Amino acid sequence: MYLYINDGKVEIRDATHLWGLNTKETWQVLKEETGEDKLRVVAIGPAGERVSLIACPINDGHRAPGRGGGGAVMGSKKLKAIAVRGTGEIPVAHLEKVIEINKKVAAAMKNNEVAQAFGTYGTGVGTTQSALSGDSPVKNWAGVGIVDYGEEEAAKNNAIVTDKYKTKKYHCASCPLGCGAEYSVPDGRWPLEETDRPEYETYASFGSTLLCSEVDAILKCNDLCNLYGLDTISAGMTIAWAMECYNEGVLSREELDGIDLRWGDGEAIVAIMEKMAKGEGVGAILANGSLYAAKYFGKGEEYLQTASGIELPMHDPRFAPGLARTYKYDPTPGRHVKGGLGSVQMIGAEERDKYDYRNTGDMDLKLTASTEVMNASSLCYFGGMFMPLEAQNEYIEAITGIKFDEETSFLTGLRILNMRHAFNVREGIRPKDLTISDRAIGRPPLKEGPLANVTIDIDLLAKNFFEKAQWDLETGKPSLEILKKLGGLEEVVNDLYGAEALL
């Protein structure tokens, strides 16, 4: 079935004729079927239909809420797509104030060189530098960019290089940045008539992580993930796991369907990615992620780079140590867009020594809460990097008419965070059950390069955060005091402490 929402009218419609179509084909057919050229569609591809564990929904053919297997959830419900068209107006409390903030934000972005680079080249503009600085993982997190990847090869992989393929720039609705672009690859090994520019995570997951600098291979893998509906981070990292297993003699060529999966080999990478997309042979195993594959083969777990089973994203905690706490302990582990101390360390905006693990809890919690508000408000994470700090709260207040100062924002973010965390606690997940791969936190540390000798004190980072959040580090339970102070969480109190705690 698919869900069709048109100006508030909701219908559940048959999608038998859509089953088997890729995400862009689905979008096109639904536009024709509904007669709505401006129809917005989130759809699963064949990977989601097969309930591949790293499948994700795809918005309008290219944007992906990629992490955590959302495509598998939709596939398990036989939900092919959600199609939406709306023509109504959105009420705004103070329109003139919104326009004023818009001008301030646009001016800030116009005067920011990094923002302009994002607008021109997209999020992959800095992939080369990230690989060499230690921000991007290299060689399945075991390598050093300057040594294993090398400056010359790293320089071949970024959005500036692939900009020659750009045919059209596009913006999300009302965005002054406009980091999206359509590409056309007219010839070569994998011609692509119409495809979308990869994001940073994709350039890195199929690039430095695999020691690959063949951008045509990276563009092809990105296209396959978009069409079939797979998370590019988990897909690239799963290939990295298989690649290390193969090169270390853990997996044989026969077990990989005859593919010679050598480091950096674009032909081999595309070959195995095609098998994953189509669910063929070994690809049907790998399309469920690296942990699933390791358990299936019964070997190779020492090469997994995961947080509680999900493949790590493309920012290295050894470069931004706060990410270690976020990756391991966020209610949805392994996410790089959940704020926290690592978010400012990653862009060099932290004033103190980032390897000083004392007294990190206060800032870590505040930045996490602020990002919870950003995500819930649907403001863009990238836009948030470049707009004035006060703009987020000003927008919410101007649009809703509700007073939304710094304290209100902090409490709102904590309320969201505590509800997300409490869900896991209620379901029996404890802090001790959460894991992160040793490599990602420098156990053992790298011996050379910009991250040499770094080992992260993740236990102290967690202790500091849990104390400031008023969560018990053993049980995970938020304190009754904080839940009552935040207000509106009576159901959480009832679930964790019983009805008598409400009296």
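Q: Which residue stands opposite Lys 168 in strand 7?
A: Helices (H or I, at least four residues) and strands (E, at least two) are DSSP runs, numbered from the N terminus, and two strands pair if DSSP finds at least two bridges between them. Here Lys 168 stands opposite Glu 182 of strand 7. Strand 6 and strand 7 are antiparallel, with 4 bridges between them. This is a predicted model, in which local features need pLDDT of at least 70 and side-chain atom pairs count only at pLDDT 80 or more, while totals for chains, interfaces and linings use all residues. Residues are numbered from 1 along each chain as its sequence is written, and side-chain values use heavy atoms, with hydrogens and water left out.

Q: What is the strand order of the open sheet of 3 strands?
A: The order is 6-7-8, and the pairing is antiparallel. Strand 6 (166–170) and strand 8 (192–196) are the edge strands, each pairing on one side only. Axes are lines fitted to C-alpha atoms, for helices over the stretch in contact, and angles run from 0 to 180 degrees between N-to-C directions. With direction ignored, neighbouring strands of this sheet are turned by 20° against each other on average.

Q: How many bridges join strand 7 to strand 8?
A: There are 3 bridges between these antiparallel strands, and Val 185 stands opposite Leu 192 in strand 8. Contact means heavy atoms within 4.5 Å. Helix 11 packs on the sheet, touching strand 7 and strand 8, and its direction makes about 75° with that of strand 8. The two strands form a hairpin with 6 residues between them, and Gly 188 in the turn has a positive phi of about 95°.

Q: What does the side chain of Thr 162 make a polar contact with?
A: A polar contact is a pair of N or O atoms within 3.5 Å; within protein, one must be able to donate a hydrogen and the other to accept it, and residues adjacent in sequence count only if both atoms are side-chain atoms. For Thr 162 the partner is the side chain of Tyr 203, at 2.6 Å. Thr 162 belongs to helix 9 (residues 159–162) and is buried, with a relative accessible area of 0%. Not counting residues up to four places away in sequence, Thr 162 touches Tyr 183, Tyr 203, Val 215 and Leu 219.

Q: Which residues have the most contacts inside the largest nonpolar core?
A: A nonpolar core is a set of buried Ala, Val, Leu, Ile, Met, Phe, Trp, Tyr and Cys residues joined through side-chain atoms within 4.5 Å. The largest has 51 residues, and those with the most contacts inside it are Phe 206, Ile 239, Trp 241, Leu 261 and Met 273. Among the elements that give two or more residues to this core are strand 7 (180–185), helix 11 (215–228) and helix 12 (232–247). Domain 1 (2–85) and domain 2 (114–311) both contribute residues, so the core lies between them. A second, separate core of 46 residues includes Phe 319, Met 346, Ala 440 and Leu 496.

Q: How far apart do the C-alpha centres of domain 1 and domain 2 lie?
A: Domain bounds come from an automatic or database domain assignment. The two centres lie 24 Å apart, and 21 residues of domain 1 are in contact with 29 residues of domain 2. The assignment also gives domain 3 (322–502).

Q: Where are the backbone exceptions?
A: Most residues other than glycine have a negative phi, and most peptide bonds are trans. Ser 308 has a positive phi, near 50°, and is partly exposed, with a relative accessible area of 32%. Asn 359 also has a positive phi, of about 55°, and is exposed at 69%. Arg 443 and Pro 444 are joined by a cis peptide bond, with omega about -5°. Pro 444 is in the loop between helix 21 (406–426) and helix 22 (458–469).

Methods. Buried means under 20% relative accessible area, exposed over 50%, partly exposed in between (1.4 Å probe, protein chains only).
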